[in-house]
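Please look over the sequence and the structure before reading on.

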There are 4 protein chains.
Amino acid sequence: MDDQPKPSARRQRHITQRREAILDAAASVFTAKGYSGASIKDIAEAADVADGTIYNYFANKEALLLGLFDRLVDLERVDNRVASAAADNLDDAVIGYFGVHLAHVRAHYDVFRAIIPEVLSTPDLRQRYYGTFVAPLLAVAEAQIHARISQGQLRQIDEQQAARVVYALFFGLLCLRVLGDEAIQPSESTDAALLNTINHLLLRGWSVSEPGDD
Amino acid sequence: MDDQPKPSARRQRHITQRREAILDAAASVFTAKGYSGASIKDIAEAADVADGTIYNYFANKEALLLGLFDRLVDLERVDNRVASAAADNLDDAVIGYFGVHLAHVRAHYDVFRAIIPEVLSTPDLRQRYYGTFVAPLLAVAEAQIHARISQGQLRQIDEQQAARVVYALFFGLLCLRVLGDEAIQPSESTDAALLNTINHLLLRGWSVSEPGDD
Amino acid sequence: MDDQPKPSARRQRHITQRREAILDAAASVFTAKGYSGASIKDIAEAADVADGTIYNYFANKEALLLGLFDRLVDLERVDNRVASAAADNLDDAVIGYFGVHLAHVRAHYDVFRAIIPEVLSTPDLRQRYYGTFVAPLLAVAEAQIHARISQGQLRQIDEQQAARVVYALFFGLLCLRVLGDEAIQPSESTDAALLNTINHLLLRGWSVSEPGDD
Amino acid sequence: MDDQPKPSARRQRHITQRREAILDAAASVFTAKGYSGASIKDIAEAADVADGTIYNYFANKEALLLGLFDRLVDLERVDNRVASAAADNLDDAVIGYFGVHLAHVRAHYDVFRAIIPEVLSTPDLRQRYYGTFVAPLLAVAEAQIHARISQGQLRQIDEQQAARVVYALFFGLLCLRVLGDEAIQPSESTDAALLNTINHLLLRGWSVSEPGDD
DNA sequence: CATGAATGAGTTTTCATTCAT
DNA sequence: CATGAATGAAAACTCATTCAT
C-alpha cells in the first residue's frame, strides 16, 4: 500500500545520495590523478555507476569540480558562524581563527587536495575561490586586526599585509600537507600543537625578549 | 682566418636561444591555461614556431614542464649560496631567508605560476619539488632555529613545526599571489614592506607586550 | 515471460558481430595497403563506424592484426584434427596434408593476404607465426616422413630438410597467390589439380621412369 | 697538379659509392624495422650522413626501396645468363636452376629480407616484382618443362602448374629463411644439401620405387 | 532514471621533405 | 654537395558527451 506515499521525498533522498556518492568518487579520483587526468569513466567506476549516469546529476565534468567546490562553501558557511564569534581575548581569537580553519581542512582534506591545484591553475576557479574563501577570510582577519589595534591589543602594523600574512600562513600549511610533508599531516594532535606554535608566534614572536624590549 | 672557428658555437647559441624561447612560451601558456589545458599547438604559436619544432628541443610535453623546473633549480642553486650566508643578527637572518626567496619568486614569477599547480597535483613532480626545494629549505630553517635556540636567541619552540610555519608563510604568500590577491603582487616595494612585517612578526609578535609579559 | 532473460546474450552477440565486422574491414584494408599503410580512419570507414568505435573493441592498431591472427589460430585448430588423422596410404597422406592446408588458405585467403607480409617483416609476429603455424606443421611433416621411412614407404631422405621442402612448397604457393599469379588463384578446382600435381611430384617425381619402372 | 684531371670520373665514383653506402644502410635498417618502421633519420645515421644528404641521391624514401630492387635486377640479369645455359642432362638443369637462385639469395640475403615483405604488401611493388622476377623465371621453367616433355625426359604433366610448383618451392624456402627457421639458414653447405634433396624430389620422388626401379 | 556503445573533435607525436647556410 | 633545423600534414589514440534501449 506504500506504493506512492512520498514519491518525491524518498526519490529526493535517493537523488541526493547518488549525487554525494558521485562527488565522493570525483574527489577521490581528482586527488589521485588531478582534474584533467581523471576521466569520467574513472569516476563512474569509482562511484559504481555507468558513465552516462553521471550526466543525470551533473551537466558536465566541470560541474563535478564546482560541485565539490560548493560542498566546501556550504560547510564553510556553517563553520564561519563559529569562527566569527570572536573572543575578546586575543589568544582565543587566534585559536578560534586558525582552529576553525584547520579543523575544516582536516574534515574535508580530500576535497581540498582535489580542488586546490585546479584553483591555482584555472582562472575561473581561481577567481571563484578567491571571492568565496580568500577575500572573506582576509576581510575577517583585517577587521579583527583593525579592531584589536584600535583597542590597543595589537601594535600599529599594516592591517592589510598582516591579514595576508595570517592567511598565507594558513594556506601555506595546507599546501605543505598536500606536498606530502610528513611532519604536519592533518590530525587532531598535530593541529593542536600547531595552533599553539602559531598563537605564540603571532602574539609574542619567537625571539627571547630582552628585558625592556620594544 | 676566423672563417670556421665557431660553427658550432654560433649554432649552439642559437639552439639555446630557441630552447629558452620555447620554455618562455610554455611558461606563459601553462600559466594561462594550466599544464593540461595547454596544447602543444598553443605553445608553438606562442613561441612562433611550428608544432613539430618543439619536438626538436623537447622530447615531449612533460619535458617542457621539467625544463621549466630545471630552470628554477639552476637559479635557486646560485641564490642559495647567498641565503646560506646567514647573519649573526636575528633580524638579518630572517630578512636574509625571506628576502632571498621573495626575490627569487619575483624574478621567476612566471615559472612559479606555471609550475606550482602541477607540483601540487602531480605525484611525480610533487616529490621532485619537495625534494629539491622544500626539504632543503626546511632543513636550513630548522638548523637555524636550532642554533638560535641553543644560543639563547630564540625561545624553546618546537624546531620542526616552527620551520614548517616559516616555510608555510613563504609558500602561502606565493600562493596568494598566484590567486591574484592584488595587495601583495610581487614588486620590490611590496616585498620590502612584507619583509618588515614578517620580521616583526617572527621575532616580536604582534601583540602589544604588556609589561613583565611572558 | 522471456522479457529480460537475455539482455546480455543479445548484447554479447552484437559485440561479437561488431568485432568481426571490424576485423573483416581490417583484413580488407591491410590487404589493399599493407598494415602500416592502412590508417585507422581507413579501417573505420571500411567498417562503417567512427574512428573511436574501433577502440571500444580493440586496444590499438596492433590488436587488430593480432585479432586477425587469432582468428586463423582458432580455425586452424579445428582443421588440424582432420589433418592429423593421417592415412596409411601414402597418397592419402600427402593429399590430406596439402588438401587441408590449401582448403584452409582458400577459406581465409583474405586474412592470409593481410597477415603474411607483416609476419615476414615484424620480428614479434614472425616468431608468433612460426611457433603457431610453421613449427607444428614442420613437426607433423617430419614425424610422418620419419614414420614412412621406417615403414619402408619412403626413401632414406634427410627428414628435416624434406619437411622443410614440403612446407616451403605449400608456403611458396600461398605467396605466389598473394603475388597475384593468375594461374593458381585459389579455387576448388585449381587446388584439386594442384594436389594431384604435388602428389605425383612428391611420390614419384617428374622424370620419365627408366624402363621397368612404375 | 692533379687538381682537376678527371673531375667527373672521380666524382662519379664518389657519387656511386655514396649511393651504394646509403642503399646498404637502407637494406640493413629495412630488414631490422621494416620499410615503414624505418625512418630516414635511421638510415642516415646508419649511412653516417645527414638526413638531407639522402635526398641528394634519392628522390624520396620509396626510391630507396626501388633502388634496392634495381640492385637485385642488375645482379639477377648477370646470373640469369648462367641459369639459362641449361644443360642437356635433367639433373644438371634442375641443379642449375635452383643452384643459381639459391646462390643469388645467399649473396643478397639482406636485400631480399628487406624487400620481400614490402613486395608482398605493396600492390605497386608486387606487380613490379612479379613482372621482373617471377614471370620470367616461371617462363624459363615452363619452357624447360615443355621442352623436356617434348624430348621425352619428363612425364606429361601440366607445364603451367609444374612451373609454379617449382618456383613456389624456391620462394617458399626463401620465406622459411626469412621466418627464421634454423635448419635452413643460408650457407653454402645447407644449399648444397638442399639442392640434392630437391633434385631427387623433382626427378624421382620420394616414395620407394617398386621393384626394378632406379 | 540507468546504461554503455557510438561518436568525432581534439591531442600528442612522428617523420618525410625542404631549404637556408 | 653536405648539413640539420624547420615544417606541417597525417597518424594513433583519448575521452567528454549523447542517446537509443
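Why does S121(C) count as buried? The relative accessibility of S121(C) is 12%, and therefore this residue counts as buried, a class that means under 20% relative accessible area, with exposed being over 50% and partly exposed in between, for a 1.4 Å probe and protein chains only. S121(C) belongs to helix α6 of chain C, residues 109-121, where helices (H or I, at least four residues) and strands (E, at least two) are DSSP runs numbered from the N terminus. When residues up to four places away in sequence are not counted, S121(C) touches R126(C) and P117(D), contact here meaning heavy atoms within 4.5 Å.

This is a predicted model, in which local features need pLDDT of at least 70 and side-chain atom pairs count only at pLDDT 80 or more, while totals for chains, interfaces and linings use all residues. Residues are numbered from 1 along each chain as its sequence is written, chains are lettered from A and ligands numbered from 1 in the order in which they are written, and side-chain values use heavy atoms, with hydrogens and water left out.

**DNA strand F**

Around DNA strand F there are 31 residues, of which R18(B), T53(B), Y57(B), I15(D) and R18(D) come nearest; a residue is near a strand or molecule if one of its heavy atoms lies within 4 Å of it. Of the atoms of DNA strand F that come within 4 Å of the protein, 73% belong to sugar and phosphate. The surface near DNA strand F draws four residues from α3(D), which gives the most, and by class this surface has 13 nonpolar, 12 polar and six charged residues. In this division Ala, Val, Leu, Ile, Met, Phe, Trp, Tyr, Cys and Pro count as nonpolar, Asp, Glu, Lys and Arg as charged, and the others, Gly among them, as polar.

**DNA strand E**

DNA strand E is surrounded by 31 residues, and the closest are I15(A), R18(A), R18(C), T53(C) and Y57(C). Sugar and phosphate make up 72% of the atoms of DNA strand E that come within 4 Å of the protein. The surface near DNA strand E is divided into 13 nonpolar, 12 polar and six charged residues.

| Residue and atom | DNA atom | Distance |
|---|---|---|
| N56(B), polar side-chain atom | base nitrogen, DNA strand F | 3.4 Å |
| A38(C), polar backbone atom | phosphate oxygen, DNA strand F | 3.5 Å |
| Y55(C), polar side-chain atom | phosphate oxygen, DNA strand F | 3.1 Å |
| A50(C), polar backbone atom | phosphate oxygen, DNA strand E | 3.0 Å |
| N56(C), side-chain N or O atom | base nitrogen, DNA strand E | 3.4 Å |
| Y57(C), polar side-chain atom | phosphate oxygen, DNA strand E | 2.4 Å |

**Relations between the chains**

Chain C can be laid on chain D by a turn of 179 degrees and a shift of 0.1 Å along the axis, with an RMSD of 0.4 Å. Of the interface residues of chain C, 97% are also interface residues in chain D, so these copies meet through the same surface.

Key. Polar contact = N/O pair within 3.5 Å; in protein donor to acceptor, adjacent residues only side chain to side chain. Least-squares fit on C-alpha atoms with pLDDT ≥ 70 in both.
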